[in-house]
Amino acid sequence: MVSFPVATDKERVDLSKMREQLDEIYEQSLRTLEEAGSTDELETWHRETLGRKGSVQLQTRHIGQLVPEERPHFGRRINEVKQALEDAYQERATALRAQELEAQMAAEALDVTLPGRRAWRGRLHPASQTLRDIYRIWGDMGFQVYRSREVETDEYNFELLNIPQHHPARDMWDTFHTMTPGVILRTHTSPGQIHAMRQYCPEPIRVILPGMCYRYEQITARSEIQFHQVEGLAVGKNITMADLKGTLNAFARRMFGEDRATRFRANYFPFTEPSAEMDVECVLCEGAGCQVCKYTGWLEILGSGMVHPTVLRNGGYDPEVYSGFAFGMGPERIAMLKYGIDDIRYFWSNDLRFLEQF
Ligand SMILES: [Zn+2]
């Protein structure tokens, strides 16, 4: 700020000199106003120029040094200068605010061309993926998914499936029993066959019965206490072993490859007669023999057979009129064969290093 000598009462000053001084203050103030680069600087300018102790206000102190008739004239002039500076200040303030806003917007600008933050996506468990593959294939062949309970009675899990009390075949299924006598965790999805037959009888049936099964076994690389099974059941008139083989072959080709060889081996299950296990040509060695197929060239993928007349009868169907076939497979086992997984414990150990590979 330019400071001006303040005249004492003793010094009489003439009006023209006072006006000259005021004009100089005015010009000087306009210049410093233009130089104000921020709203902060602008406020400082306002205080030092137009404030109570500002340079313009201080000029009013000189009024007394003028001859009385000149005083109103100079007073008016001071007010004019004040008003002009106030207007200039407002104009400058508006311009500065706009400038600052623009600068702020440029600095904090949203760059819409930046790639967005990627949303983390989960994925299906390999067992679920395999289950869905299985559903799709059977769905295409007209089989519906039939859901059945995981907690079963001994009657449904064993007796109605032609496995009476004390039958040695019960040794094939190590069972989890509950505190309620006769109530167990199902050891296979087969009891669902009885539920489905009793619900649909006497209509023909084409269902698959997927779900979790439980067995009281030691957990090793090849056996778990819980695992999925997908049971299948077709009941109707004139269903023969040829239908069983043709249908299961169609499934195996879609699941493991169009040119994959298959074979059936005779076996025993209490609820089917005759019974057969189905093998596919080893997917790893193409039948040449390797560690996974134990050098046989074949991998067992499911058990199957014609529904036992006793089971048909327990489901409400007359075995003299109706026949059917059933099969059961383990999706985890199929996933192990398909992807070369050597330990079934990976499925439920919740290790992301394993799960993220699928
Ligand atoms: Zn092999």
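Helices (H or I, at least four residues) and strands (E, at least two) are DSSP runs, numbered from the N terminus. This is a predicted model, in which local features need pLDDT of at least 70 and side-chain atom pairs count only at pLDDT 80 or more, while totals for chains, interfaces and linings use all residues. Residues are numbered from 1 along each chain as its sequence is written, and side-chain values use heavy atoms, with hydrogens and water left out.

**Sheet**
- Seven strands form an open sheet with mixed pairing in the order S1-S4-S5-S9-S8-S7-S6, where two strands pair if DSSP finds at least two bridges between them.
- Its edge strands, each pairing on one side only, are S1 (144-145) and S6 (262-269).
- S1 and S4 (residues 205-214) run parallel and are joined by two bridges, and Gln-144 stands opposite Val-207 in S4.

**Largest pocket**
- A pocket is an open set of points on a 1 Å grid over the protein atoms alone, where a 1.4 Å probe fits, with protein on both sides within 12 Å along at least five of seven lines; lining residues have an atom within 4 Å of a point.
- The largest pocket is lined by 47 residues, and those nearest its centre are Arg-222, Glu-277, Glu-300, Gly-330 and Arg-333.
- S8 contributes the most to this lining, with seven residues.

**Second largest pocket**
- Of the 16 residues lining the second largest pocket, Gly-142, Pro-204, Ile-205, Arg-206 and Val-207 are the closest to its centre.
- S4 provides the largest share of this lining, three residues.
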